[in-house]
Amino acid sequence: MEPARPLTLAHATALVVASMVGTGVFTTTGFMLADLHSPLLALGVWVLAGALALAGAAVYAELGAMMPRAGGEYVYLTRAFHPAVGFLSGWVSLLVGFAAPTAAAALAFGRYAQTLLPALPVKTAALALVAAATLLHLRDVRRGGVMQALLTGLVIALIVGFIVVALASGRADWMRIVRPATPAVGSSAGIGAVGVSLVYVAYSYFGWNAAAYVAGEIRDPDRTLPRALLGGTALVTVLYVALNAVFLSSAPVAELAGKVEIAHVAATALLGSKGGVVVSFLVALALAGSVSALTMTGPRVVQAMAEDGQFFRALGRTGPGGAPTAAVLLQGALAAAGILTAAFEPLLVYAGFTLTLSAAATVAGAFVLRRREPAAARPHRALAWPVSGIAYLGLAAFMTVFAIRERPTESLAGIATLLAGTLAWLVWQRRRRR
(Lines give C-alpha, C1' and ligand atoms only; values in the text may rest on other atoms or scores of the structure.)
Protein backbone atom coordinates (compact mmCIF):
# COMPACT_ATOMS: atom_id res chain seq x y z
CA MET A 1 0.00 0.00 0.00
CA GLU A 2 1.35 3.44 -0.99
CA PRO A 3 2.13 5.47 2.15
CA ALA A 4 0.22 8.71 2.77
CA ARG A 5 2.10 11.75 1.49
CA PRO A 6 0.49 14.82 3.09
CA LEU A 7 3.43 17.26 2.67
CA THR A 8 3.49 19.67 -0.29
CA LEU A 9 6.31 21.74 -1.79
CA ALA A 10 5.43 24.60 0.57
CA HIS A 11 5.63 22.29 3.59
CA ALA A 12 8.93 20.73 2.49
CA THR A 13 10.55 24.08 1.66
CA ALA A 14 9.37 25.56 4.95
CA LEU A 15 10.92 22.59 6.72
CA VAL A 16 14.28 23.24 5.06
CA VAL A 17 14.20 26.96 5.83
CA ALA A 18 13.08 26.49 9.44
CA SER A 19 15.66 23.77 10.05
CA MET A 20 18.43 26.07 8.78
CA VAL A 21 17.36 29.37 10.36
CA GLY A 22 18.16 28.55 13.94
CA THR A 23 20.82 28.99 16.57
CA GLY A 24 23.87 29.48 14.36
CA VAL A 25 23.04 32.60 12.36
CA PHE A 26 22.20 34.52 15.53
CA THR A 27 25.22 33.42 17.57
CA THR A 28 28.24 32.20 15.59
CA THR A 29 29.46 35.44 13.98
CA GLY A 30 30.56 36.75 17.36
CA PHE A 31 32.70 33.66 17.91
CA MET A 32 34.13 33.97 14.38
CA LEU A 33 35.11 37.61 14.88
CA ALA A 34 36.98 36.68 18.05
CA ASP A 35 39.18 34.39 15.93
CA LEU A 36 39.26 36.12 12.53
CA HIS A 37 39.31 39.81 13.57
CA SER A 38 37.99 40.71 10.11
CA PRO A 39 34.34 41.41 9.22
CA LEU A 40 35.10 40.92 5.51
CA LEU A 41 36.65 37.52 6.12
CA ALA A 42 33.76 36.52 8.38
CA LEU A 43 31.26 37.48 5.67
CA GLY A 44 33.33 35.54 3.14
CA VAL A 45 33.06 32.44 5.33
CA TRP A 46 29.27 32.79 5.30
CA VAL A 47 29.31 32.96 1.49
CA LEU A 48 31.67 29.97 1.21
CA ALA A 49 29.60 27.88 3.62
CA GLY A 50 26.48 28.78 1.63
CA ALA A 51 28.15 27.43 -1.50
CA LEU A 52 29.04 24.30 0.46
CA ALA A 53 25.42 23.84 1.55
CA LEU A 54 24.15 24.32 -2.02
CA ALA A 55 26.65 21.74 -3.29
CA GLY A 56 25.48 19.28 -0.66
CA ALA A 57 21.81 20.00 -1.39
CA ALA A 58 22.41 19.34 -5.09
CA VAL A 59 23.74 15.85 -4.31
CA TYR A 60 21.06 15.09 -1.71
CA ALA A 61 18.40 16.09 -4.26
CA GLU A 62 19.58 13.26 -6.51
CA LEU A 63 19.70 10.74 -3.68
CA GLY A 64 16.33 11.79 -2.25
CA ALA A 65 14.55 11.54 -5.60
CA MET A 66 16.26 8.19 -6.19
CA MET A 67 15.19 6.83 -2.76
CA PRO A 68 12.04 8.75 -1.73
CA ARG A 69 11.74 7.27 1.72
CA ALA A 70 11.90 8.79 5.20
CA GLY A 71 15.31 8.47 6.84
CA GLY A 72 17.77 10.65 4.94
CA GLU A 73 21.41 9.59 5.29
CA TYR A 74 20.46 6.32 6.95
CA VAL A 75 18.68 5.17 3.77
CA TYR A 76 21.34 6.48 1.37
CA LEU A 77 24.37 5.11 3.21
CA THR A 78 22.78 1.73 3.81
CA ARG A 79 22.34 1.30 0.06
CA ALA A 80 25.66 2.83 -0.95
CA PHE A 81 27.92 1.08 1.57
CA HIS A 82 26.55 -1.28 4.21
CA PRO A 83 23.79 -1.41 6.86
CA ALA A 84 26.46 -0.75 9.50
CA VAL A 85 27.30 2.60 7.87
CA GLY A 86 23.62 3.44 7.64
CA PHE A 87 23.16 2.58 11.31
CA LEU A 88 26.09 4.79 12.21
CA SER A 89 24.60 7.74 10.34
CA GLY A 90 21.30 7.17 12.12
CA TRP A 91 23.13 7.09 15.44
CA VAL A 92 24.79 10.40 14.60
CA SER A 93 21.49 11.89 13.48
CA LEU A 94 19.73 10.88 16.69
CA LEU A 95 22.40 12.17 19.10
CA VAL A 96 24.13 14.96 17.16
CA GLY A 97 22.01 15.86 14.17
CA PHE A 98 18.77 16.52 16.01
CA ALA A 99 18.81 16.15 19.79
CA ALA A 100 21.90 18.33 20.31
CA PRO A 101 20.83 21.12 17.91
CA THR A 102 17.34 21.04 19.40
CA ALA A 103 18.85 21.57 22.85
CA ALA A 104 21.14 24.33 21.57
CA ALA A 105 18.31 26.13 19.76
CA ALA A 106 16.05 25.85 22.80
CA LEU A 107 18.76 27.26 25.08
CA ALA A 108 19.33 30.16 22.70
CA PHE A 109 15.56 30.69 22.62
CA GLY A 110 15.57 30.85 26.40
CA ARG A 111 18.37 33.41 26.40
CA TYR A 112 16.63 35.69 23.92
CA ALA A 113 13.26 35.19 25.64
CA GLN A 114 14.88 36.36 28.85
CA THR A 115 15.67 39.73 27.23
CA LEU A 116 11.89 40.11 26.83
CA LEU A 117 10.93 38.64 30.22
CA PRO A 118 13.91 39.07 32.57
CA ALA A 119 12.32 36.97 35.33
CA LEU A 120 12.00 33.92 33.02
CA PRO A 121 14.72 31.31 33.67
CA VAL A 122 16.55 30.30 30.48
CA LYS A 123 16.28 26.54 31.00
CA THR A 124 12.62 26.74 31.97
CA ALA A 125 11.82 28.53 28.71
CA ALA A 126 13.94 26.02 26.77
CA LEU A 127 12.25 22.99 28.31
CA ALA A 128 8.80 24.50 27.74
CA LEU A 129 9.59 25.05 24.06
CA VAL A 130 10.80 21.47 23.57
CA ALA A 131 7.68 20.16 25.30
CA ALA A 132 5.41 22.29 23.08
CA ALA A 133 7.18 21.21 19.88
CA THR A 134 7.00 17.56 20.95
CA LEU A 135 3.25 17.81 21.56
CA LEU A 136 2.73 19.61 18.22
CA HIS A 137 4.41 16.88 16.17
CA LEU A 138 3.28 13.93 18.25
CA ARG A 139 -0.07 13.40 16.58
CA ASP A 140 -0.70 14.75 13.10
CA VAL A 141 1.87 15.10 10.31
CA ARG A 142 -0.21 17.46 8.16
CA ARG A 143 -1.15 19.75 11.05
CA GLY A 144 2.51 19.98 12.06
CA GLY A 145 3.47 20.74 8.47
CA VAL A 146 0.92 23.54 8.15
CA MET A 147 2.05 25.11 11.43
CA GLN A 148 5.67 24.82 10.27
CA ALA A 149 4.92 26.57 6.98
CA LEU A 150 3.07 29.43 8.68
CA LEU A 151 5.78 29.94 11.30
CA THR A 152 8.53 29.86 8.68
CA GLY A 153 6.75 32.41 6.50
CA LEU A 154 6.46 34.75 9.47
CA VAL A 155 10.14 34.31 10.38
CA ILE A 156 11.26 35.11 6.82
CA ALA A 157 9.06 38.21 6.77
CA LEU A 158 10.49 39.39 10.07
CA ILE A 159 14.11 38.81 8.99
CA VAL A 160 13.59 40.66 5.71
CA GLY A 161 11.82 43.42 7.62
CA PHE A 162 14.73 43.77 10.03
CA ILE A 163 17.24 43.98 7.17
CA VAL A 164 15.19 46.68 5.40
CA VAL A 165 14.67 48.71 8.58
CA ALA A 166 18.36 48.42 9.52
CA LEU A 167 19.41 49.62 6.08
CA ALA A 168 16.91 52.48 6.24
CA SER A 169 18.20 53.59 9.66
CA GLY A 170 21.30 55.12 8.06
CA ARG A 171 23.45 54.03 11.03
CA ALA A 172 25.22 51.14 9.31
CA ASP A 173 28.89 51.80 8.56
CA TRP A 174 29.74 49.56 5.60
CA MET A 175 33.41 50.48 5.79
CA ARG A 176 33.62 48.37 8.95
CA ILE A 177 33.26 45.26 6.78
CA VAL A 178 36.33 45.90 4.59
CA ARG A 179 38.96 46.49 7.27
CA PRO A 180 41.98 44.13 7.00
CA ALA A 181 42.31 40.84 8.87
CA THR A 182 44.59 40.32 11.84
CA PRO A 183 46.31 37.84 11.83
CA ALA A 184 47.00 37.77 8.10
CA VAL A 185 44.75 35.43 6.15
CA GLY A 186 47.70 33.57 4.69
CA SER A 187 49.29 32.79 8.05
CA SER A 188 49.00 29.40 9.69
CA ALA A 189 46.92 30.86 12.50
CA GLY A 190 44.67 32.64 9.99
CA ILE A 191 44.02 29.50 7.92
CA GLY A 192 43.28 27.49 11.06
CA ALA A 193 40.83 30.16 12.22
CA VAL A 194 39.08 30.04 8.84
CA GLY A 195 38.81 26.24 9.10
CA VAL A 196 37.22 26.40 12.56
CA SER A 197 34.97 29.26 11.47
CA LEU A 198 33.73 27.10 8.60
CA VAL A 199 32.79 24.46 11.16
CA TYR A 200 30.79 27.08 13.09
CA VAL A 201 29.03 28.28 9.97
CA ALA A 202 28.51 24.80 8.54
CA TYR A 203 26.58 24.08 11.73
CA SER A 204 24.52 27.21 11.06
CA TYR A 205 23.66 25.95 7.57
CA PHE A 206 22.82 22.41 8.61
CA GLY A 207 19.19 21.76 7.95
CA TRP A 208 19.63 22.15 4.17
CA ASN A 209 19.01 18.39 4.01
CA ALA A 210 15.87 18.49 6.20
CA ALA A 211 13.32 17.58 3.52
CA ALA A 212 15.23 14.35 2.80
CA TYR A 213 14.25 13.03 6.22
CA VAL A 214 10.53 13.20 5.43
CA ALA A 215 10.78 12.12 1.77
CA GLY A 216 8.34 9.30 2.43
CA GLU A 217 5.66 11.84 3.37
CA ILE A 218 6.20 14.31 0.49
CA ARG A 219 3.86 14.38 -2.51
CA ASP A 220 5.52 13.79 -5.88
CA PRO A 221 8.97 13.49 -4.28
CA ASP A 222 10.75 13.15 -7.65
CA ARG A 223 10.05 16.82 -8.36
CA THR A 224 9.15 18.29 -4.98
CA LEU A 225 12.15 17.11 -2.98
CA PRO A 226 14.88 18.62 -5.24
CA ARG A 227 12.97 21.91 -5.45
CA ALA A 228 12.57 22.08 -1.69
CA LEU A 229 16.21 21.25 -0.96
CA LEU A 230 17.73 23.64 -3.52
CA GLY A 231 15.16 26.41 -3.25
CA GLY A 232 15.14 26.46 0.53
CA THR A 233 18.94 26.38 0.75
CA ALA A 234 19.36 29.19 -1.79
CA LEU A 235 16.82 31.37 0.01
CA VAL A 236 18.49 30.90 3.38
CA THR A 237 21.95 31.57 1.92
CA VAL A 238 20.78 34.95 0.64
CA LEU A 239 19.13 35.75 3.99
CA TYR A 240 22.22 34.70 5.96
CA VAL A 241 24.66 36.80 3.94
CA ALA A 242 22.39 39.86 4.02
CA LEU A 243 21.69 39.50 7.75
CA ASN A 244 25.37 39.12 8.61
CA ALA A 245 26.28 42.10 6.47
CA VAL A 246 23.92 44.13 8.65
CA PHE A 247 25.39 42.65 11.85
CA LEU A 248 28.96 43.38 10.78
CA SER A 249 28.22 46.96 9.75
CA SER A 250 26.42 47.79 12.98
CA ALA A 251 29.32 48.20 15.42
CA PRO A 252 33.12 47.90 15.71
CA VAL A 253 34.66 44.42 15.87
CA ALA A 254 35.54 44.88 19.55
CA GLU A 255 31.85 45.28 20.45
CA LEU A 256 30.72 42.22 18.47
CA ALA A 257 33.58 39.74 18.98
CA GLY A 258 32.77 36.88 21.33
CA LYS A 259 29.14 37.93 21.82
CA VAL A 260 26.56 35.14 21.73
CA GLU A 261 23.62 37.56 21.37
CA ILE A 262 25.16 39.33 18.38
CA ALA A 263 21.72 40.03 16.86
CA HIS A 264 20.66 41.87 20.00
CA VAL A 265 23.92 43.87 20.09
CA ALA A 266 23.63 44.81 16.42
CA ALA A 267 19.96 45.79 16.65
CA THR A 268 20.56 47.94 19.71
CA ALA A 269 23.42 49.73 17.93
CA LEU A 270 21.36 50.36 14.79
CA LEU A 271 17.85 50.85 16.15
CA GLY A 272 18.20 51.66 19.84
CA SER A 273 17.00 49.70 22.85
CA LYS A 274 13.47 49.22 21.47
CA GLY A 275 14.95 47.81 18.28
CA GLY A 276 16.94 45.35 20.37
CA VAL A 277 13.74 44.14 22.00
CA VAL A 278 12.03 43.69 18.64
CA VAL A 279 14.94 41.70 17.25
CA SER A 280 15.11 39.55 20.36
CA PHE A 281 11.48 38.64 19.69
CA LEU A 282 12.33 37.89 16.04
CA VAL A 283 15.20 35.63 17.06
CA ALA A 284 13.12 33.84 19.69
CA LEU A 285 10.45 33.18 17.06
CA ALA A 286 13.01 31.86 14.56
CA LEU A 287 14.51 29.58 17.20
CA ALA A 288 11.07 28.26 18.09
CA GLY A 289 10.56 27.45 14.41
CA SER A 290 13.91 25.67 14.31
CA VAL A 291 13.07 23.53 17.35
CA SER A 292 9.74 22.66 15.74
CA ALA A 293 11.41 21.68 12.45
CA LEU A 294 14.04 19.54 14.17
CA THR A 295 11.33 17.82 16.21
CA MET A 296 9.46 17.01 13.01
CA THR A 297 12.39 15.69 10.95
CA GLY A 298 14.65 13.92 13.44
CA PRO A 299 12.32 11.11 14.53
CA ARG A 300 11.95 9.95 10.91
CA VAL A 301 15.53 8.64 10.96
CA VAL A 302 14.84 6.47 14.02
CA GLN A 303 11.54 5.43 12.45
CA ALA A 304 13.28 4.20 9.28
CA MET A 305 15.88 2.30 11.33
CA ALA A 306 13.17 0.65 13.40
CA GLU A 307 11.17 -0.35 10.31
CA ASP A 308 14.30 -2.09 8.96
CA GLY A 309 14.84 -3.95 12.24
CA GLN A 310 17.95 -1.91 13.02
CA PHE A 311 16.47 -0.40 16.17
CA PHE A 312 13.64 -1.06 18.59
CA ARG A 313 10.47 -1.87 16.63
CA ALA A 314 8.30 0.33 18.85
CA LEU A 315 10.13 3.41 17.53
CA GLY A 316 8.86 2.69 14.02
CA ARG A 317 5.16 2.67 14.90
CA THR A 318 3.01 5.62 13.87
CA GLY A 319 -0.10 7.07 15.43
CA PRO A 320 -3.44 7.79 13.73
CA GLY A 321 -2.09 11.06 12.30
CA GLY A 322 0.97 9.39 10.77
CA ALA A 323 3.57 10.66 13.24
CA PRO A 324 6.12 8.22 14.78
CA THR A 325 4.97 8.89 18.33
CA ALA A 326 7.59 6.93 20.27
CA ALA A 327 10.44 8.35 18.17
CA VAL A 328 9.15 11.90 18.68
CA LEU A 329 9.02 11.33 22.44
CA LEU A 330 12.54 9.87 22.44
CA GLN A 331 14.01 12.89 20.68
CA GLY A 332 12.16 15.24 23.00
CA ALA A 333 13.58 13.43 26.03
CA LEU A 334 17.14 13.53 24.62
CA ALA A 335 16.81 17.24 23.84
CA ALA A 336 15.56 17.92 27.37
CA ALA A 337 18.56 16.06 28.77
CA GLY A 338 20.84 18.16 26.57
CA ILE A 339 19.27 21.37 27.86
CA LEU A 340 20.07 20.37 31.43
CA THR A 341 23.72 19.52 30.66
CA ALA A 342 24.74 21.57 27.58
CA ALA A 343 27.76 23.86 27.19
CA PHE A 344 26.80 26.11 24.28
CA GLU A 345 29.92 27.02 22.28
CA PRO A 346 31.70 23.63 22.43
CA LEU A 347 28.39 22.06 21.42
CA LEU A 348 28.44 24.05 18.17
CA VAL A 349 31.93 22.81 17.22
CA TYR A 350 31.16 19.21 18.23
CA ALA A 351 27.92 19.13 16.24
CA GLY A 352 29.38 20.93 13.21
CA PHE A 353 32.38 18.60 13.06
CA THR A 354 30.39 15.37 13.44
CA LEU A 355 27.59 16.34 11.06
CA THR A 356 30.10 17.38 8.40
CA LEU A 357 31.61 13.89 8.51
CA SER A 358 28.16 12.31 8.13
CA ALA A 359 27.18 14.54 5.21
CA ALA A 360 30.54 13.98 3.51
CA ALA A 361 30.08 10.22 3.75
CA THR A 362 26.66 10.63 2.11
CA VAL A 363 28.07 12.68 -0.76
CA ALA A 364 30.79 10.03 -1.20
CA GLY A 365 27.97 7.48 -1.33
CA ALA A 366 26.53 9.28 -4.35
CA PHE A 367 29.82 8.68 -6.20
CA VAL A 368 29.67 4.98 -5.23
CA LEU A 369 26.09 4.60 -6.48
CA ARG A 370 26.87 6.40 -9.74
CA ARG A 371 29.64 3.88 -10.40
CA ARG A 372 27.96 0.73 -9.05
CA GLU A 373 24.39 1.40 -10.23
CA PRO A 374 24.73 3.48 -13.40
CA ALA A 375 21.38 2.25 -14.78
CA ALA A 376 19.38 2.92 -11.59
CA ALA A 377 16.41 5.26 -11.94
CA ARG A 378 17.45 8.83 -11.09
CA PRO A 379 14.43 11.09 -11.56
CA HIS A 380 16.64 14.04 -10.67
CA ARG A 381 20.38 14.30 -11.28
CA ALA A 382 22.65 16.44 -9.13
CA LEU A 383 23.29 19.87 -10.60
CA ALA A 384 26.87 20.55 -11.76
CA TRP A 385 27.89 16.93 -11.17
CA PRO A 386 30.61 15.92 -10.38
CA VAL A 387 31.83 19.42 -9.46
CA SER A 388 29.17 19.79 -6.75
CA GLY A 389 30.20 16.52 -5.09
CA ILE A 390 33.94 17.18 -5.37
CA ALA A 391 33.54 20.72 -4.01
CA TYR A 392 31.61 19.46 -1.01
CA LEU A 393 34.12 16.74 -0.20
CA GLY A 394 37.07 19.12 -0.63
CA LEU A 395 35.67 21.76 1.72
CA ALA A 396 34.57 19.10 4.21
CA ALA A 397 38.12 17.69 4.29
CA PHE A 398 39.55 21.19 4.85
CA MET A 399 37.17 21.82 7.74
CA THR A 400 37.83 18.44 9.32
CA VAL A 401 41.61 18.74 9.27
CA PHE A 402 41.66 22.17 10.86
CA ALA A 403 38.93 21.36 13.36
CA ILE A 404 41.02 18.44 14.63
CA ARG A 405 44.10 20.66 14.82
CA GLU A 406 42.49 23.72 16.38
CA ARG A 407 39.72 22.16 18.49
CA PRO A 408 40.91 18.65 19.38
CA THR A 409 38.60 18.16 22.38
CA GLU A 410 35.36 18.70 20.46
CA SER A 411 36.70 16.79 17.44
CA LEU A 412 37.67 13.82 19.59
CA ALA A 413 34.19 13.90 21.13
CA GLY A 414 32.78 13.60 17.62
CA ILE A 415 35.08 10.67 16.82
CA ALA A 416 34.12 9.06 20.14
CA THR A 417 30.46 9.36 19.13
CA LEU A 418 31.23 7.43 15.94
CA LEU A 419 33.10 4.75 17.88
CA ALA A 420 30.21 4.46 20.34
CA GLY A 421 27.85 4.04 17.39
CA THR A 422 30.03 1.28 15.98
CA LEU A 423 29.89 -0.50 19.33
CA ALA A 424 26.11 -0.04 19.45
CA TRP A 425 25.84 -1.63 15.98
CA LEU A 426 27.81 -4.68 17.09
CA VAL A 427 25.72 -5.04 20.24
CA TRP A 428 22.50 -4.70 18.26
CA GLN A 429 23.56 -7.35 15.73
CA ARG A 430 24.37 -9.76 18.55
CA ARG A 431 20.95 -9.05 20.07
CA ARG A 432 19.21 -9.76 16.74
CA ARG A 433 20.95 -13.11 16.35
CA ARG A 434 19.69 -14.41 19.68
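Helix α13 (residues 299–307) is largely enclosed by the rest of the structure, because 8 of its 9 residues are buried (under 20% relative accessible area with a 1.4 Å probe, protein chains only). The buried residues of α13 are Pro299, Arg300, Val301, Val302, Gln303, Ala304, Met305 and Ala306. Just after α13, Gly309 adopts a positive phi of about 80°. Helices are DSSP runs (H or I, at least four residues) numbered from the N terminus. The model is predicted, with pLDDT of at least 70 required for local features and 80 or more for side-chain atom pairs, whereas totals for chains, interfaces and linings use all residues. Residues are numbered from 1 along each chain as its sequence is written, and side-chain values use heavy atoms, without hydrogens and water.

Helix α5 (residues 83–116) contains Thr102, which is buried at a relative accessible area of 1%. Leaving aside residues up to four places away in sequence, Thr102 touches Val130, Val291, Leu294, Gln331 and Ala335 (contact: heavy atoms within 4.5 Å).

Helix α5 packs against helix α12 (residues 262–297) at an angle of about 145°, the axes being 8 Å apart. Axes are lines fitted to C-alpha atoms over the stretch in contact, and angles run from 0 to 180 degrees between N-to-C directions. The contact of α5 with α12 comprises 18 nonpolar, 7 polar and no charged residues (nonpolar: Ala, Val, Leu, Ile, Met, Phe, Trp, Tyr, Cys and Pro; charged: Asp, Glu, Lys and Arg; polar: the others, Gly among them).

The axes of helix α3 (residues 39–66) and helix α10 (residues 221–250) come within 9 Å and cross at roughly 175°. Helix α3 is therefore roughly antiparallel to α10 (angles over 145 degrees). Their contact has 21 nonpolar, 5 polar and 1 charged residues.

Definitions and conventions
Helices (H or I, at least four residues) and strands (E, at least two) are DSSP runs, numbered from the N terminus. Buried means under 20% relative accessible area, exposed over 50%, partly exposed in between (1.4 Å probe, protein chains only). Angles under 35 degrees count as roughly parallel, over 145 as roughly antiparallel, 65 to 115 as roughly perpendicular and the rest as oblique.
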